[in-house]
Amino acid sequence: MPVPILKQGTYLIASVQSALTDADTERLQDDLMKYVSKYRAQGIIVDVTAIDVMDSFAARSLRTIAHMTKLRGAETVIVGLQPEVAFAMVQLGLTFEDMHTALDLEEGLAWLNSKLPARRQRDGRDRDR
């Protein structure tokens, strides 16, 4: 089942509704990369609130998404990790230490808003030169 991706200003919000198959995960990666380019997105939120189980492939794929989109100029935040999922990930040695996470969508948006204004100002100055 494809993951819906909404555009909100310069942000993309992918809301994972159920556990993803490997094919769904790969499709999400491809779709996000396509939309980052198409909409020149500066921030991405992947909301996994509805997920109560996450396997190692899905966890690694989220990390890959964050790295790929960062190379394309977009910051990624994973939001809504359930406590049980976070616990299981730590037990398996799967961490998001090199990624941004937030408790919920509101906190994820606040982090992007605090992170990206400085970047927009810097990019604007660079264009003026």
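Two strands are said to pair if DSSP finds at least two bridges between them, and helices (H or I, at least four residues) and strands (E, at least two) are DSSP runs numbered from the N terminus. The legends below describe a predicted model, in which local features need pLDDT of at least 70 and side-chain atom pairs count only at pLDDT 80 or more, while totals for chains, interfaces and linings use all residues. Residues are numbered from 1 along each chain as its sequence is written, and side-chain values use heavy atoms, with hydrogens and water left out.

View 1. Between β2 and β3 the chain passes through helix α1 (residues 22-39), making a β-α-β crossover that is right-handed, a term used if, with the strands pointing away from the viewer, the path from the first strand over the helix to the second runs clockwise. Strand β1 (residues 5-8) runs antiparallel to β2 and is joined to it by four bridges, with L6 having I13 as its bridge partner in β2. Four of the five residues of β2 are buried, where buried means under 20% relative accessible area, exposed over 50%, and partly exposed in between (1.4 Å probe, protein chains only).

**View 2. The hairpin of β1 and β2.** Two residues lie between the strands of this hairpin, and G9 takes a positive phi near 65 degrees.

**View 3. Helix α2 and its buried side.** The end C-alpha atoms of helix α2 (residues 56-71) are 23 Å apart, which agrees with the 22 Å that its 16 residues should span at 1.5 Å a residue, the expected span being 1.5 Å times one less than the number of residues. Its buried residues are A58, A59, S61, L62, I65, A66 and T69. They cover an arc of only 160 degrees around the axis, and therefore lie on the same side of α2; the arc is that of the directions from the helix axis to the C-beta atoms. Among the elements covering these buried residues are α1, β3, β4 (75-79) and α3 (83-91), with contact meaning heavy atoms within 4.5 Å.

View 4. In the loop between α2 and β4, G73 takes a positive phi of about 95 degrees. G73 is partly exposed, with a relative accessible area of 26%. Although G73 and G43 are 30 residues apart in sequence, their C-alpha atoms are 8.5 Å apart in space.
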